Amino acid sequence: MDKKIFLETYGCQMNFSDSEIVASVMTYQGFDVTQELSQADVIFLNTCSIRDHAEQRVLNRLRELQHLRKKRPGLIIGVLGCMAERLKSELLEGEDKGIRVDMVAGPDAYRDLPQLLVDAESGQKAINVLLSADETYADISPVRYAAGGVSAFISIMRGCENFCAYCVVPFTRGKERSRDPESILSETRILIREGYREVTLLGQNVNSYEWKSKGTGLIIGFGELLGRVASLDPRMRIRFATSHPKDLSDELLHCMAAHPNICNAIHLPVQSGSTAVLSRMNRKYSREDYLNRIDAIREILPGCALSTDLIAGFCGETEEEHKETLSLMEAVGYDFAFMFKYSERPGTLAAKKYKDDVPEKVKTRRLTEIIDKQQELSLASNQRDVGTVQEVLVEGRSRRSETKVMGRAENNKVVVFPDEGFSPGDYVMVEITGCTSATLKG
Ligand code: SAH
Ligand code: SF4
Ligand code: F3S
């Protein structure tokens, strides 16, 4: 009988995409991916280090998983991804704390998983946390074991060298590198043939994508890649994430305008509305630069949906500076946001240079104010859609109701509407009749 692997993924979309690479490597070794924890011979947690809370969740999970060893002698538990890269062999030394880990593999070490597994099975130290300057897994076809057949991720680059002061990613993911465009195009063609209707091109900073052709020396940037991917099939929706405000060019916006199947939605993390905080964060743009980019979006892509990431209580943040974040949110009128309390990460520029001096209570209050503001903005944004007709890509049944289906509008909002015999992958024109701050009803 084939052996079974259980994969659990934490963190960003890149990590989910990496888990599909891991599934591919393991399938090649004769493993089947199982959704049943109790059936697993191997359990991999693909982990995230972005905030302390993310790491604590994984450590708790590892503690909880240990009891499975009694029922399954020989069970291998492995830690993959960013925590593997950050904590390295420390993870193999947690047995006295009730956290036994059998193998550790960083984000660039997934080709080595079969060998690591052999080492772990023979009771040796199984660890590979080498970062690479050129690994992109371009030749590995992801096994999309949890994708649902409608929407897929394609990683187009890896790593990040922006070194935002608060961020651990440059340390866990290494040098920025772009993937061969031909391999991206052929992966998209396969998805089209398999009936997928939406792809999201992924990178920590997609708009700095750059590929230099070895033969001709010609350089392909993100706008050109996006255009090529979008031209493959007008029925395939294209999204991308994440864009860094400092690199969002007018060319890219014009490219989005020229291709109707590139969704009119941009995720543009601002982090803070204060120029002084942005400068301490090493974000390389000011409040004004950011608002200029928003103006360009509004001009070139009218009606474009906008979402963002925000951090409350970064080092030295004053009450005034916090208020600037609230006023910027108001000025942009975001449709959606991910909002976080600042969490100091060891080894980052901020940890070395600044004191994490905003008291926990103040951070919590500021985050609550940010969340309340966004709730207002999201509701207002959704109310603006009531009465419009949206093209919705059906993803599946609504979780709340047997008689309804759910899908996403071009602006990335979830729309729930009555099932009239629709299937996942159908495009349906839906009249929006109501909303909450989280979903549209049609
Ligand atoms: N590459 C993307 C985002 C990567 S991490 C970008 O540059 O926009 C996703 C989000 O997590 C970040 O945008 C930021 O808002 C948040 N984040 C990163 N490090 C953090 C930290 N130390 N504490 C709190 N939030 C953090
Ligand atoms: Fe982190 Fe900044 Fe890189 Fe995003 S751009 S991954 S926030 S260092
Ligand atoms: Fe987390 Fe690593 Fe992604 S730290 S957010 S899983 S790049």
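User: What is the orientation of α1 and α5 to each other?
Analyst: The model is predicted: local features need pLDDT of at least 70, side-chain atom pairs count only at pLDDT 80 or more, and totals for chains, interfaces and linings use all residues. Helix α1 spans residues 13-28 and helix α5 spans residues 113-121; their axes come within 9 Å and cross at roughly 65° (axes are lines fitted to C-alpha atoms over the stretch in contact, with angles from 0 to 180 degrees between N-to-C directions; helices are DSSP runs of H or I with at least four residues, and strands are E runs of at least two, numbered from the N terminus). Angles under 35 degrees count as roughly parallel, over 145 as roughly antiparallel, 65 to 115 as roughly perpendicular and the rest as oblique. The two helices, α1 and α5, are therefore roughly perpendicular.

User: Which class makes up the contact of α1 with α5?
Analyst: Val22, Val25 and Met26 of α1 meet Leu113, Pro114 and Leu117 of α5 (contact means heavy atoms within 4.5 Å). Ala, Val, Leu, Ile, Met, Phe, Trp, Tyr, Cys and Pro count as nonpolar, Asp, Glu, Lys and Arg as charged, and the others, Gly among them, as polar. In this contact no residue is polar and none is charged, and six are nonpolar.

User: At roughly what angle do the axes of α8 and α9 cross?
Analyst: Residues are numbered from 1 along each chain as its sequence is written, chains are lettered from A and ligands numbered from 1 in the order in which they are written, and side-chain values use heavy atoms, without hydrogens and water. Helix α8 covers residues 222-231 and helix α9 covers residues 250-258; their axes come within 9 Å and cross at roughly 10°.

User: Which residues of α9 make the contact with α8?
Analyst: From α8, the contact uses Phe222, Gly223, Leu226 and Gly227. By class, the residues of this contact are five nonpolar, two polar and no charged. The α9 side is made by Leu252, Cys255 and Met256.

User: Which residue has a backbone N or O atom 2.7 Å from a nitrogen atom of ligand 1?
Analyst: Ligand 1 has 15 residues around it, and the closest are Tyr166, Gln204, Gln271, Asp309 and Ser343 (a residue is near if one of its heavy atoms lies within 4 Å). For a backbone N or O atom of Tyr166 the distance to a ligand 1 nitrogen is 3.0 Å, and for a polar backbone atom of Gln204 it is 2.8 Å (a polar contact is a pair of N or O atoms within 3.5 Å). The 2.7 Å distance belongs to Ser343.

User: What share of the area of ligand 1 does the protein bury?
Analyst: The shell around ligand 1 divides into six nonpolar, four polar and five charged residues. Taken alone, ligand 1 exposes 550 Å² (Shrake-Rupley method, 1.4 Å probe). Of that area the protein buries 89%.

User: Which residue is joined to Thr242 by a cis peptide bond?
Analyst: Thr242 lies in the loop between β13 (237-241) and α9. The cis bond has an omega of about 0°, and the partner of Thr242 is Ala241.

User: What is the phi of Asn282?
Analyst: Asn282 sits in the loop between α10 (275-280) and α11 (287-300). Although Asn282 is not a glycine, its phi is positive, about 60°.

Conventions. A polar contact is a pair of N or O atoms within 3.5 Å; within protein, one must be able to donate a hydrogen and the other to accept it, and residues adjacent in sequence count only if both atoms are side-chain atoms.
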